[in-house]
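Student: I would like to learn how to read helix packing and backbone features in a model. Please take me through one.
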Amino acid sequence: FPMQSFIHELAVAAGRDHRDFLVELLSQLPAPAAGVQQGINPERAIAVVKLAAEKAGWGRPLPKGRGLGLAFYYSHSGHFAEVAEVSVSASKKLTVHRVTVAGDIGLVVNPLGAEQQIQGSVMDGLSTMLGQRITMENGAVQQQNFGDYPLMRIGSAPKVDVHMLVTDYSPTGVGEPALPPLAPAVCNAIFAATGVRIRELPLSQAGYTA
């Protein structure tokens, strides 16, 4: 969250398109040695960033109060990029309309299973970003159940479009890598929509609801 949010801040400060700025940064990473799958691969990273942006319609005009945000993440040898489309009302009512995900996990053994894991990661990421917080009092956790540790409800769930790049690499992780880019993608979209920069989670602490 801090890294992908800060990259967006740098792009804005430089007057650059965020997608192009991120691609340029990724292109400066060293390529892995031949036959090595571990470690971020700049070509694969750039490919998912470009694919997510393309499928989300990056750069298209949007109505006032609506914005697109982008983020990238690598873990478990999986490369993922996400674009969130959000709108924010005057009362800080946040609507996440759509999340476009592009991933490269090598050979996709079970396409439907991969898609479902990615969609679940997005929903889990939304719950974490919006309102999940653990606090302590007298050495004990205050939250006792989902009433005060809220999960995303179906009425607030966005459309999640999943696009996979099928490559010749061995199959890798698919569940975990799709969660971390969600929060920075949404918060970067909030900035695009409102000009307000989010630097602390969950969003409920700043008065946002969904």
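Predicted model: local features only at pLDDT ≥ 70, side-chain atom pairs only at ≥ 80, totals over all residues.

Student: Which residues have a positive phi although they are not glycine?

Tutor: Lysine 92 is one, with phi of about 70°. Lysine 92 is placed in the loop between strand 2 and strand 3. Asparagine 138 is another, with phi of about 55°. The loop between strand 4 (136-137) and strand 5 (140-141) holds asparagine 138. Helices (H or I, at least four residues) and strands (E, at least two) are DSSP runs, numbered from the N terminus.

Student: Is asparagine 138 buried or exposed?

Tutor: Start with the cut-offs: buried means under 20% relative accessible area, exposed over 50%, and partly exposed in between (1.4 Å probe, protein chains only). Asparagine 138 is exposed, at 81%. Lysine 92 is partly exposed, at 33%.

Student: Which peptide bond is cis?

Tutor: The bond joining leucine 201 and proline 202, with omega about 0°. Proline 202 belongs to the segment after helix 5.

Student: How do I read the length of helix 5?

Tutor: Compare its span with the expected one, which is 1.5 Å times one less than the number of residues. Helix 5 has 13 residues and reaches 18 Å from its first C-alpha to its last, close to the 18 Å expected. Helix 4 (residues 111-130) has 20 residues and reaches 29 Å, close to the expected 28 Å.

Student: Why is helix 5 described as largely enclosed by the rest of the structure?

Tutor: Because ten of its 13 residues are buried. Among them are Leu182, Val186, Cys187 and Ile190.

Student: What do the buried residues of helix 5 pack against?

Tutor: Contact means heavy atoms within 4.5 Å. The buried residues of helix 5 pack against helix 1, helix 2, strand 1 (66-75), strand 2, strand 3 and helix 4.

Student: Which residues of helix 4 are buried, and what covers them?

Tutor: The buried residues of helix 4 include Ala114, Ile118, Val122, Gly125, Leu126 and Met129. Their cover includes strand 2 (78-88), strand 3 (94-104), strand 6 (159-164) and helix 5. As a general idea, an α-helix has 3.6 residues a turn, so residues three or four places apart point the same way.

Student: At what angle do helix 1 and helix 5 pack?

Tutor: Axes are lines fitted to C-alpha atoms, for helices over the stretch in contact, and angles run from 0 to 180 degrees between N-to-C directions. Helix 1 (residues 2-13) and helix 5 (residues 182-194) pack at about 30°, with axes 9 Å apart. That makes helix 1 roughly parallel to helix 5 (under 35 degrees; over 145 is roughly antiparallel, 65 to 115 roughly perpendicular, the rest oblique). Gln4, Ser5, His8 and Val12 of helix 1 make the contact with Pro184, Asn188 and Phe191 of helix 5.

Student: How do helix 1 and helix 2 cross?

Tutor: Helix 2 spans residues 18-27; its axis and that of helix 1 come within 9 Å and cross at roughly 115°. That makes helix 1 roughly perpendicular to helix 2. On the helix 1 side are Gln4, Ile7, His8, Leu10 and Ala11, which meet His18, Phe21, Leu22 and Leu25 in helix 2.

Student: What about helix 2 and helix 3?

Tutor: The axes of helix 2 and helix 3 (residues 42-56) come within 9 Å and cross at roughly 170°. Helix 2 is thus roughly antiparallel to helix 3. The contact includes Leu22 and Leu26 of helix 2, and Ile46 and Val49 of helix 3.

Student: Finally, is threonine 100 buried or exposed?

Tutor: Threonine 100 is buried, with a relative accessible area of 1%. Threonine 100 lies in strand 3. Not counting residues up to four places away in sequence, threonine 100 touches Ala52, Lys55, Ala56, Ala81, Glu82, Val83, Asp161 and His163.

Definitions and conventions. Residues numbered from 1 in each chain as written. Heavy atoms only, no water.
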